[in-house]
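Subject: Structure handover

Hello,

Here is the structure you will be working with. Please open it first and then read the notes below it.

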Amino acid sequence: MSIRKYFGIGVAVLFGVVLSSCNSNDDLGSQDIEIPGVTFDGDIDCCSAEEALQIYRFIQTVKIIPELSVTIDDKYNVYAYTKSGSFHNGYNDIYFVATKKKNGNYIKNFDITALKPVMLMVKMNMKHSTPVSAGVSSFNGNYLAVKRGWISFVMNTSDAGSWTLAFDYSILGSKGTTSETDITVDALPAGQAWIKSFKVGDDTYYLSLVNPLDSKTGKNTVTAYVSKKSTPATTPYSLAQEQFEIEIDPRMPDMGNHTSPDNVALTLQSDGSYQGTLNLTMTGRWRIHLTVKDAQGKVVAGGDELSDGYSSLYWEISI
Ligand SMILES: [Cu+2]
């Protein structure tokens, strides 16, 4: 009893936050606002009221992608979110939650087992996919019912072509694949380039820089993924099995290409990502010139081929 009372207080506090953030309408009694999942009714497939509140709070930090909302077997709803409510060129985190249609409660255990983005290149009449996360897993220990994956788009939507996204799901016994849904992938602003490719023999690899806009002045832990282009190219590109090391040489092209000290090459981590240290000593536009070495330490991409002596393989970010 006391536990439910505690949750009741939690809900009331949350309503207070919601109302004060848009405090124009005093007629909105808290009882008129429905937070999905907060009606704790002992549904064992679903979250407790406390978990539901965590999810609800998390969802306030991201934006829904309406076109990717689907109803499954007339029993479940799946909602997809990104930070901005849209997709852009390069790396995008994508989040999913699932609810029961009949009561709106968040479902604790479900899986999105594959993300399947495909671009139709209209003029060339060919299709290709793009790098994706190995799977979609729980956000973290606090957000078991929020799943997170990523897609790194090699191209944006343009006259050259457009994207669709489908995904495989498994929700309380319902399994299947959603239909291919049209999505828009926006170009990045000038001064930003977050995905680059290189070739080793006949194989094409993609280097996806993770959420570079989170970088701040000073030393940043920088994360990237190396993905391998699939055959056929319509199969989503999974993480490369080969091991690399990615040396970074950040330069400011607008300021005489000065660099910064104490950068650390990106190396493979146990979770499949690459991590290193990127030191951005000031705000502005940075080119992060890359030299990629294979497991034997041999340079396989990048180097000093630009006329100014810097690698032509680079990410570009503006902070
Ligand atoms: Cu394309």
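**What was found**

M119 is buried, because its relative accessible area is 0%; buried means under 20% relative accessible area, exposed means over 50%, and partly exposed lies in between (1.4 Å probe, protein chains only). Before going on, note that this is a predicted model, in which local features need pLDDT of at least 70 and side-chain atom pairs count only at pLDDT 80 or more, while totals for chains, interfaces and linings use all residues. Residues are numbered from 1 along each chain as its sequence is written, and side-chain values use heavy atoms, with hydrogens and water left out.

**The copper site**

M119 is one of the residues that coordinate the copper ion. The donor atoms are SD of M119, SD of M121, NE2 of H128 and SD of M155, at 2.0 to 2.3 Å. Donors here are N, O and S atoms within 2.8 Å of the metal (3.2 Å for Na, K and Ca); water is not among the atoms, so sites may look incomplete.

What is the geometry of the site of the copper ion? The site is tetrahedral, with angles of 99 to 118 degrees among its 4 donor atoms. Four donors count as tetrahedral if all angles lie between 85 and 135 degrees; four count as square planar and six as octahedral if opposite donors are over 155 degrees apart and all others between 65 and 115; anything else is irregular. Along the sequence, the spacing of the donor residues is M-x1-M-x6-H-x26-M. M121 also counts as buried, because its relative accessible area is 7%.

Helices (H or I, at least four residues) and strands (E, at least two) are DSSP runs, numbered from the N terminus. Two strands pair if DSSP finds at least two bridges between them. Strand β6 (residues 110–121) runs antiparallel to strand β10 (residues 161–171), and 11 bridges join them. In this pairing L120 stands opposite S162 in β10.

β6 is also joined to strand β7 (residues 126–128), by 3 bridges, and these two run antiparallel. Here M119 stands opposite H128 in β7. β6 and β7 form a hairpin with 4 residues between them, and N125 in the turn has a positive phi of about 50 degrees.

**Salt bridges**

Side chains of opposite charge can pair when their charged atoms come close. A salt bridge is a side-chain nitrogen of Lys or Arg within 4 Å of a carboxyl oxygen of Asp or Glu. The structure holds 13 salt bridges. Three of them are described below.

D43 is in the loop between α1 and α2, K100 is in strand β5 (residues 90–100), and the pair links distant parts of the chain, 57 residues apart. Are these residues buried or exposed? Both D43 and K100 are buried; for D43 the relative accessibility is 15%. Leaving aside neighbours within four places in sequence, D43 is in contact (heavy atoms within 4.5 Å) with K100, N103 and N105.

Another salt bridge is formed by the side chains of K293 and E247 (2.7 Å, N to O). This pair links distant parts of the chain, with K293 in strand β20 (residues 285–294) and E247 in strand β17 (residues 244–251), 46 residues apart. K293 counts as partly exposed at 22% relative accessibility, and E247 is partly exposed with a relative accessible area of 27%.

The side chains of D254 and R285 also meet in a salt bridge (2.7 Å, N to O). D254 lies in the loop between β17 and β18 (264–268) and R285 in strand β20, so the pair ties together parts that are 31 residues apart in sequence. D254 counts as exposed at 54% relative accessibility, whereas R285 is partly exposed at 23%. D254 and R285 belong to a network of salt bridges that also includes R287 and E316.

**Backbone details**

Most residues other than glycine have a negative phi, and most peptide bonds are trans. The peptide bond from T231 to P232 is cis, with omega near -5 degrees. P232 is found in the loop between β16 (218–228) and β17. D73, in the loop between β2 (70–72) and β3, has a positive phi, near 50 degrees. D262 has a positive phi near 65 degrees and is placed in the loop between β17 and β18.

Regards
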